[in-house]
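Okay, thanks for coming, everyone. I'd like to walk you through a few side chains today, so let's get the picture up.

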Amino acid sequence: LHLQRRMFHMMPTLKQIPWPDQDHSVPQQQSKTNEWPTIFLYDRTDVIGRRQLANASLIRDILERDYQVRVDHWDGARWEYTLKHNTTLEQAQIFNSYQYLLTPHGAHLVNLIHARPNTKILEIQCLVQSKRWRLHQQWFKSWSSLVGVNHRVYTEHEGCREDGILPINYTPKWVRVTNLTQLVNMAAEHFGLQEQQR
């Protein structure tokens with residue numbers, strides 16, 4: 001913990017970064033109304049070697065159907081384009097521009113160092129059997145509070161199986177949420193979403 005604190009004290013905050021004045025076409029949030037929040041939904045589907053959230057589009061559709069919210073779905077093609085055509089600072093600005101994030105476990109969560117204080121994230125993790133790997137999975141959550149992020153974890157089980165087997169020592173590259181109702185309810189509670197008026 002002491003080492004983690006030293007690491008974050010040495011890192012520049014976004015307030016210290018001189019953002020370029022010119023427009024580099026970083027996508028901006030656009031709510032359906034001025035009052036509705038926007039959720040950043042991270043998904044690297046169709047990108048080889050990256051973790052994929054197999055039913056991300058369905059999660060988006062259910063959230064937007066049942067709640068007063070816009071889900072900004074960053075799929076594989078959109079994120080790969082961003083990495084190729086935008087600077088590191090502009091990529092950091094993307095994570096800083098959202099208050100709510102819904103994402104599978106992965107190395108991209110290091111970008112939480114750029115998140116705004118009081119940002120809320122719901123991270124989808126796989127239930128693995130190795131105690132050592134479970135500690136590893138909690139690494140992002142262990143330091144996200146140091147930068148003011150409210151971090152919760154949704155644990156998946158059946159949707160993490162590979163050829164019917166649940167991996168013991170790693171999170172598979174392909175994850176499917178099997179209990180969509182539980183995930184959506186957790187997201188709604190964590191993000192404080194209001195139900196759609198019927």
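**Rings, a helix and a glutamate**

Let's start with Arg78: its charged end sits over the ring of Trp74, 3.9 Å from the ring centre. By "over a ring" I mean NZ of Lys or CZ of Arg within 6 Å of the ring centre and within 35 degrees of the ring normal.

Quick housekeeping. This is a predicted model, with local features needing pLDDT of at least 70 and side-chain atom pairs counting only at pLDDT 80 or more, while totals for chains, interfaces and linings use all residues. Numbering runs from 1 along each chain as its sequence is written, and side-chain values use heavy atoms, with hydrogens and water left out.

Back to Trp74, which belongs to a cluster linked by ring pairs, together with Phe40, Tyr42, Phe95 and Tyr98. Rings of Phe, Tyr and Trp (its six-membered ring) pair if their centres lie within 6.5 Å; planes under 30 degrees apart are stacked, over 60 edge-to-face, and the rest tilted.

How many aromatic pairs does a search of the whole structure find? It's 5. One of them is Tyr100 with Phe191, a tilted pair at 5.1 Å centre to centre and 50° between the planes. Tyr100 is in strand β4 (residues 100–104) and Phe191 in helix α7 (residues 180–191), so this pair ties together parts 91 residues apart in sequence. Helices (H or I, at least four residues) and strands (E, at least two) are DSSP runs, numbered from the N terminus. Both Tyr100 and Phe191 are buried, meaning under 20% relative accessible area; exposed is over 50%, partly exposed in between, with a 1.4 Å probe and protein chains only.

Now helix α4, residues 88–96, where Glu90, Gln91, Ala92, Ile94 and Phe95 are buried. Those buried residues pack against β1 (38–42), β3 (70–74), α3 (76–85) and β4, going by contact, i.e. heavy atoms within 4.5 Å.

Last stop: Glu156, in strand β6 (residues 150–156). What the Glu156 side chain does reach is the backbone nitrogen of Gly159, at 2.9 Å.

That's my tour, thanks!

Definitions and conventions
Polar contact = N/O pair within 3.5 Å; in protein donor to acceptor, adjacent residues only side chain to side chain.
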